[in-house]
Amino acid sequence: MLYLLDYGAGNIQSLANSLTKLGYTYEWVREPSDICKADKLLFPGVGSFASAMDALHAKGYVEPLRAYIQSGKPLMGICVGMQVLFEGSDESPGVQGLGIVPARVGRFATQDALGRKAVPHMGWSLANVVEWDGCADQRHELARSYGMHDSNPSHYYFVHSYRVAWDANVAEWALTTTQYGNEVFVSSIQHANVFATQFHPEKSGQAGLDLLAAWLRLEHVEPVTRVGRPVTSTEHMPTRRIVACLDVRSNDAGDLVVTKGESYDVRERGEQDAGASHVRNMGKPVELAQRYYDEGADEIAFLNITSFRNWALNDQPMLSLLNVAAATIFVPLTVGGGIRDFTDPDGTFHPALKVAHAYFRAGADKVSIGSEAVYAVEQLLARANEAGDMSGDPVAAPGAALRGDTGIEQIAHAYGVQAVVVSVDPKRVYVESAEAAGVHAPSVVFGPDERPETRGQPVCWWYKCTVKGGREERDVDVVQLARGVERLGAGELLVNSIDRDGSHAGFDVQLVDLVRSSVMGLVVLIIFAKYSRLDRGPKGRP
């Protein structure tokens, strides 16, 4: 009997869906005694090291887990489910892991000899099978038994800020390594009955499904004594990602549809003149998302632009959409819209963390926060101003103290920074000079004017953030927003230029450069252009 360990982590439904896709049945571990009943045990994990260990202790799973591993029955850990097998993690000083592997988990450096790199490490990277001296046949056989190929490594989906660096203590445990920047870390371990991956096979498309299927078929692995050495890769960073961002809203008939806008206008222009405009309908969300997945999209984002505004936890159509999409789409799913504190009609207060939890359990891997992120940065700046710091920098200002009361902070603490995406919609504000921008001077850029009446003339501008789907402007610039949300705990920034939206004018490269130069760790995604199909590149990658 196959059991899945559910200890209250983030989206583990995707792993369950992968098992169903592969034709396997399973049971959930609901109490400590279930662990000893398992013939095989899957230990997924999404979130922080401390929250995972706290949950394991609270549910009484720690000692049964150690006993299960010592029994010799197969265990597979995923992400945090791998990390807690180690002695501890720099993410949570003082918190002890299960201590199965004699090493610690450390944090990625944001700067190395190859330059600056974003943390978390998020995206698709190669997993290279370690090399052994004089054991080529055994090495090949072991890798193949776990669905891997030492001569043709696969890309898998990673999302983590902490990693196990390669050293002598893990040499006999390491099965694969991955390179990020000039850091080589252990991306999977195998020792007798224990197998674990830092990447998410359930979110790695067909390569991940093949790996899961291989482990599920595997009945016994002979212990192999080996001392390996990592493979240095020429691929230092994750491959570029294609993220299909679908704007989802109710149309005039009340059905959920995917729509698109031109400068955020989602209604047909030709019909507006006749006084009867309709929401553009590009198709049904799940069907369109499935199409993009089949064409090679690396991630799917559902950005709900209407339904979440008043009562997010009662948005059953969107929750159902996630459930259905996660059953057949095995790449990361992001949901955005209404991830905030709210009070429902009967007066019950619901924190943003509870809202996020509902969507994680429905199948989302990340939540996207928009307007609430702008408001949170405004609060940081207001506190700095009250303390007499008028620099306008939410990071450097000593008065901009964190209080842990924002949705970003709460969700990042519970599920990890990789689970929090901030969606920002900036628009240009033209000024006569950088000095005229006042506190926003750090975000001023120079270039040719793009306005029709003065096109091509040299001008300067800064980027103002907006809320409520671009309908309302706020006195926060994109640099303040990026630096502020990074400090609050966001792991990813989704940037959409209002000026370029639907314009077919290409990317606003100056905005990209400005955002990337203002933050050290955030992963920056760009979604200025809208496309209806994906073109495949070399080796089947989009």
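This is a predicted model: local features need pLDDT of at least 70, side-chain atom pairs count only at pLDDT 80 or more; totals for chains, interfaces and linings use all residues.
Residues are numbered from 1 along each chain as its sequence is written, and side-chain values use heavy atoms, with hydrogens and water left out.

**The big picture**

- The protein chain has 15 helices and 31 strands; these are DSSP runs numbered from the N terminus, with helices (H or I) of at least four residues and strands (E) of at least two.
- Of the 542 residues in the protein chain, 56% are buried. Here buried means under 20% relative accessible area, exposed means over 50%, and partly exposed is in between (1.4 Å probe, protein chains only).
- Take the protein chain's contacts with a separation of 6 or more: residues 24 or more positions apart account for 72% of them. A contact means heavy atoms within 4.5 Å.

**How some helices pack**

- Two packed helices are described by the angle between their axes and the distance between the axes. The axes are lines fitted to C-alpha atoms, for helices over the stretch in contact, and angles run from 0 to 180 degrees between N-to-C directions.
- Helix H11 (residues 352-362) and helix H13 (residues 407-415) have axes that come within 9 Å and cross at roughly 50°. That makes H11 oblique to H13, given that angles under 35 degrees count as roughly parallel, over 145 as roughly antiparallel, 65 to 115 as roughly perpendicular and the rest as oblique.
- H11 passes H13 in a right-handed crossing. The rule is that the near helix is turned from the far one by less than a right angle, anticlockwise for left-handed and clockwise for right-handed.
- On the H11 side, the residues that meet H13 include Ala 352, Leu 353 and Phe 360, and their partners in H13 include Gly 407, Ile 411 and Tyr 415.
- Helix H12 (residues 371-386) packs against helix H14 (residues 478-488) at an angle of about 90°, with their axes 9 Å apart. That makes H12 roughly perpendicular to H14.
- Among the residues where H12 and H14 meet are Val 374, Val 377 and Leu 380 in H12, and Leu 481, Gly 484 and Val 485 in H14.
- H14 also has a neighbour in helix H15 (residues 509-518): their axes come within 9 Å and cross at roughly 40°. This crossing of H14 and H15 is right-handed.

**Charged side chains**

- The model has 23 salt bridges, each one a side-chain nitrogen of Lys or Arg within 4 Å of a carboxyl oxygen of Asp or Glu.
- Lys 203 forms a salt bridge with Asp 365, and their closest N and O atoms are 2.8 Å apart. Lys 203 sits in the loop between strand S16 (194-197) and helix H7 (205-217), and Asp 365 in the loop between H11 and strand S24 (366-369), so the pair ties together parts that are 162 residues apart in sequence.
- Lys 203 counts as buried at 2% relative accessibility, and Asp 365 is buried too, at 17%.
- Asp 34 and Lys 37 meet in a salt bridge (3.2 Å, N to O). Both lie in helix H2 (residues 32-37), three residues apart, which is about one turn of the helix. Asp 34 is buried at 8% relative accessibility, whereas Lys 37 is partly exposed at 45%.
- Arg 241, Glu 299, Lys 366 and Glu 492 are linked in a network of salt bridges.
- Then there's Lys 40, in strand S3 (residues 40-43). Lys 40 is buried yet has no salt bridge, and the nearest side chain of opposite charge, Glu 219, is 7.7 Å away. For charge, Lys and Arg count as positive and Asp and Glu as negative, while His and the chain ends are not counted.

- Most residues other than glycine have a negative phi, and most peptide bonds are trans.
- Cys 79 isn't a glycine, but has a positive phi of about 60°. Cys 79 is in the loop between strand S4 (75-78) and helix H5 (80-83), and is buried with a relative accessible area of 5%.
- Ala 192 has a positive phi as well, near 55°, and is partly exposed at 26% relative accessibility.
- The peptide bond from Val 119 to Pro 120 is cis, with omega near 20°. Pro 120 lies in the loop between strand S8 (115-116) and strand S9 (121-126).
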